[in-house]
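Open the model in your viewer and keep the selection tool at hand. We will go from stop to stop, picking something to select and then looking at what is there.

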Amino acid sequence: MVDTTAPRRHILKEHVATTLERVRIAKMVSAPTGVIAAVTNNCAGGGTSRETYIDADNSNVVSIGDTITITDTNCVDVGVTTNGVTSVKIVDITGAGTDADPEIVVFSATFSNLVSQDGLETFTMNGDANIAFLTGATFTQFQLTGTLLQSDSSIDGAADLRNYSMVFGTEGGQDYILLDLIFDDKDGRVTIATPNLLVLHPTTGDPLSGVLTVTGAGGSIVTLTAQADGVNVGMTVDPDGAGSMPVASLANTTWAEL
């Protein structure tokens, strides 16, 4: 079974969200158009992050067209230790940061041998992604989309995300996840989707409502339905995904056991 809710699955989200925060608050060093400026920052938990900027329009602030390369060296932030390079190009910045007109920051990113360590897992990532961060008065949303993102986990081995869309949001004090992606690993290919968004329990961090489906290469579908306690999950199996065979209900289990 594919575990999409364990804390180590959020390494990518945490790293990119932290990177975005740096991009959003960074102040360009005044220089002639196209000249590179670099700043080395101490990370919150130790290590350094060197940020190299090209201010494309000499605006002295982060703006559309600017590029930023972030080189992390044993950088500890939000409990994750990171080494490697993230290259970012600002694609769009709009909005006022209100619910009616949220701030939207869109950028393209390239990850080059980006290695993150969270607890017992070491996670290496390579590939490109399109990223959007929406901020309103009462909500935030992080969107990650792309065609191929390659990863290698010290726990789970190598895996690829293909044609992926992942949304992590917070609204009204509750976190939620939406997923639509193809996942390839040593066990084969599955397609993961959330017909109903997964709302996460504030204590357990696991879903308390919503539905997640896992479709195998042969068409079989496992449907996981979150329970209100944020611990248990109901499961059904459609053997061929076409409804021509009876759908089997399995005994409830927990997110931790999956």
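Start by selecting Ser151, which sits in strand E7, residues 139–153. The model you are looking at is a predicted one. Is Ser151 buried or exposed? Its relative accessibility is 18%, and because buried means under 20%, Ser151 counts as buried. Now show its surroundings: leaving out residues up to four places away in sequence, Ser151 touches Phe123, Thr124 and Met125, along with Gly157, Ala158, Ala159 and Asp160.

Next, select Thr81 and colour strand E4, residues 80–94, where Thr81 has its place. With a relative accessibility of 25%, Thr81 counts as partly exposed. Which residues does Thr81 contact once neighbours within four places in sequence are set aside? They are Asn74, Cys75 and Val76, and also Val115, Ser116 and Gln117. Draw a distance between the C-alpha atoms of Thr81 and Ser116: they are 5.4 Å apart, although 35 residues separate the two along the chain.

Now move on to strand E12, residues 221–226, and display its side chains. Which residues make up the covered face of E12? Val222, Leu224 and Ala226 do, while Ile221, Thr223 and Thr225 form the uncovered face.

To see the pairing, pick Val211, which stands opposite Thr225 of E12. E11 and E12 make a hairpin with four residues between them. Click on Gly219 in that turn, where phi is positive, at about 100°.

On to strand E13, residues 232–238, which is joined to E12 by six bridges. This pair is antiparallel as well. Select Val222, a member of the covered face of E12, and look across to Val237, its bridge partner in E13. Here too there is a hairpin, with five residues between E12 and E13. In its turn you will find Gly230, with a positive phi of about 70°.

Finally, zoom out and select the whole chain. What does the chain contain in helices and strands? There is one helix, and there are 14 strands. Of the 258 residues, 41% are buried. Counting contacts between residues at least 6 apart in sequence, 40% link residues at least 24 apart.

Key
Residues are numbered from 1 along each chain as its sequence is written. This is a predicted model: local features need pLDDT of at least 70, side-chain atom pairs count only at pLDDT 80 or more; totals for chains, interfaces and linings use all residues. Side-chain values use heavy atoms; hydrogens and water are left out. Buried means under 20% relative accessible area, exposed over 50%, partly exposed in between (1.4 Å probe, protein chains only). Helices (H or I, at least four residues) and strands (E, at least two) are DSSP runs, numbered from the N terminus. Two strands pair if DSSP finds at least two bridges between them. Contact means heavy atoms within 4.5 Å.
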